[in-house]
Amino acid sequence: MGRIRLLPETVASQVAAGEVVERPASLVKELIENSIDAGAGRIDIMVRRGGISLVRVIDDGCGMDRDDALLSLERHATSKIRSAADLQAVATLGFRGEALPSIASVSRFRLTTREPHAITGSEIIVNGGKLEIVRDGGEAPGTQVEVRSLFYNLPARRKFLRSENTESRNIEHQIHLQAIGHPQIAFSLLRDDRVLFRLPAAATLGDRIRDLYGIELLERLVEVTGTVPRKIRIGGFIGQAGLSRQTRTQQLVFVNGRAIESSLITAAIREGYHTALMKGQYPVTFLFLELDPAVVDVNVHPAKREVRFRDPAGVREAIVRSVQQTLEGGRAAWQKKFRAPASFPATGPGKAVTDLRLRSEVSAPEELPRELPHLGPSAAGLAVAGIGDPGRAVKAEQAPSPAPVKRDGNQQEFQIIGVLSKLYVLMENADGLVLVDQHAAHERILFEELRRRMEEQGVPTQKLLLPQTFDVPPRDADWIEGNLLILQKMGIGIESFGPNTFKIESVPSFLNVSDPVQFMRKVVDDLKSATNSASAMRLGEEMIAKSVCRHAVKANDPLRYPELEKLIRDLLDCDLPYCCPHGRPTMIQISLAELEKKFGRKV
Ligand code: ADP
Ligand code: MG
């Protein structure tokens, strides 16, 4: 009897604080969100020792009068919503009225704030949730929150903090998110008295990305375009096909200006990239979704990191489509640049550069080369420059001049220089040097060719001399039953032959199937796990992607010049020429500017 006690208010709020203030980065997030909600034009952040010893956030926002400043430290005091109904359509970053009291209850906390036209501001000091001082303060208009000695009164929580470095990195990531989400706001970050960045207010998201991550990254991004249903707007930038990271840290997604984590969106982005993304890699995205706040529930996660959509399928579909369209658009722009006509000398000796190329002046132009020179790795650099060991260059000498590849009339797009290490085709285009991985290129070409056929008339099949029957476990039988039509479209002739038994009569003719039953089991295994969005095309694409690798020319297959030229032409005609169906790059451009830098001609 009488064992239950109400916790004193300070203890209760400390317990709850754990929800909001998990680590220094979470309080940084809350404070910046408050500054953004207050209409700040600039936010200056200072942290010491991973935010554990100090976090200070200064803004030039609307500030608070004395009463509001005191009220802001009460639990569930907020200016952002008034009723439960308002929760249905939250348009601000904050809405729970928990952050400031939570932070103040687990730190030594100081708030100074002043409204723009007020003569004087207020200063409030709270230690471990106890109000200590309230007085006039004379800071500039706006609000300044200083949080010292985080968790000094909660040693148990403090123990859970990681190293200062890790905490610092988390803070930085958090500020990156906010800075990307709000390019129009100037941000600065001082860490242990060192300036990590000063970002001026940016006119566009592109400018902000450039200021924060550099022009090199921006140049490899494509602006999100594409038409999606009116109810949702999608914008921002995503990495062009072939650009990826080993971690998710640069996969940023914002919903109505709020950085969120969403497995739904992650999966949709992945699906949009499909073969343009390497397995196990993560895309780079700065993706912005805007929808009516009424169809997004932001009140689902203590740190407001997750949201719920009223129409998840619609959101998913819109993202998949806009990522696909954006990548296709990016490809058009890329091809235009890649194929910009270069000033190649047509035939015969031209500028000095020409003479250094692997070309022979003795051979008649109509004589087709038998085989392109294959340069050993060691000879490569020198032989290309024409100053290598003459013995090694003999083969090259005999090879007649490959003419620049032309298209529609006389535009010369690029010139094949040679093959390096029996794998990399070296080419020159207007921008400089291009290296093509012949195996990856061929994979991409085969993949798109087969996919086209599958879309159009179905994959050609080859009848087996002896149809074979085979048994599968009930679940697999279910899966096959449900996907019979798709399998047929993919060139697999298969029909039910008893409860868990099937008969296979034909296989895709582009595959070299020696054991149809084993092949079938593998297809089922691969496809079952490959994708859960069981769209017919996707399944077919998966199968093709998996099989083309075995059929593409191998690294060591020597190609003759006409074959090479055709390979390159076919590649450039692909939908996604710059990466193979597994998302690895097919070609790499090394610009003249980069070369000049490397040779110290330019700094
Ligand atoms: P919430 O943001 O959910 O409303 P907080 O505890 O973070 O809750 O803040 C409480 C209130 O204090 C806010 O609703 C806002 O009115 C005020 N406030 C907090 N930070 C600032 C700031 N930087 N500038 C102006 N007002 C602020
Ligand atoms: Mg808040």
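This is a predicted model: local features need pLDDT of at least 70, side-chain atom pairs count only at pLDDT 80 or more; totals for chains, interfaces and linings use all residues.
Colleague: What makes the pair formed by N34 and ligand 1 a polar contact?

Modeller: A polar side-chain atom of N34 is 2.8 Å from an oxygen atom of ligand 1. A polar contact requires N or O atoms within 3.5 Å, so the pair qualifies.

Colleague: How do you know that D59 also makes a polar contact with ligand 1?

Modeller: Here a nitrogen atom of ligand 1 lies 2.9 Å from a polar side-chain atom of D59. The limit is 3.5 Å, and therefore this pair counts too.

Colleague: Which part of A99 takes part, backbone or side chain?

Modeller: A polar backbone atom of A99 is 3.2 Å from an oxygen atom of ligand 1. Taken alone, ligand 1 exposes 530 Å², of which the protein buries 93%.

Colleague: Which helix gives the shell around ligand 1 its largest share, and what is the make-up of that shell?

Modeller: Helix α4, residues 99-105, supplies the largest share, three residues. By class, the shell holds eight nonpolar, eight polar and four charged residues. Of the 20 residues around ligand 1, those that come nearest are N34, T78, S79, K80 and G97.

Colleague: Why is S591 called buried?

Modeller: The relative accessibility of S591 is 14%. Buried means under 20%, so S591 counts as buried.

Colleague: Where is S591 found, and which residues is S591 in contact with beyond its neighbours within four places in sequence?

Modeller: S591 belongs to strand β24, residues 587-591. With those neighbours left aside, S591 is in contact with D431 and G432.

How values were computed:
Residues are numbered from 1 along each chain as its sequence is written. Chains are lettered from A and ligands numbered from 1 in the order in which they are written. Side-chain values use heavy atoms; hydrogens and water are left out. A residue is near a molecule or strand if one of its heavy atoms lies within 4 Å of it. A polar contact is a pair of N or O atoms within 3.5 Å; within protein, one must be able to donate a hydrogen and the other to accept it, and residues adjacent in sequence count only if both atoms are side-chain atoms. Accessible areas come from the Shrake-Rupley method with a 1.4 Å probe; for residues, only the protein chains shown count as cover. Helices (H or I, at least four residues) and strands (E, at least two) are DSSP runs, numbered from the N terminus. Ala, Val, Leu, Ile, Met, Phe, Trp, Tyr, Cys and Pro count as nonpolar, Asp, Glu, Lys and Arg as charged, and the others, Gly among them, as polar. Buried means under 20% relative accessible area, exposed over 50%, partly exposed in between (1.4 Å probe, protein chains only). Contact means heavy atoms within 4.5 Å.
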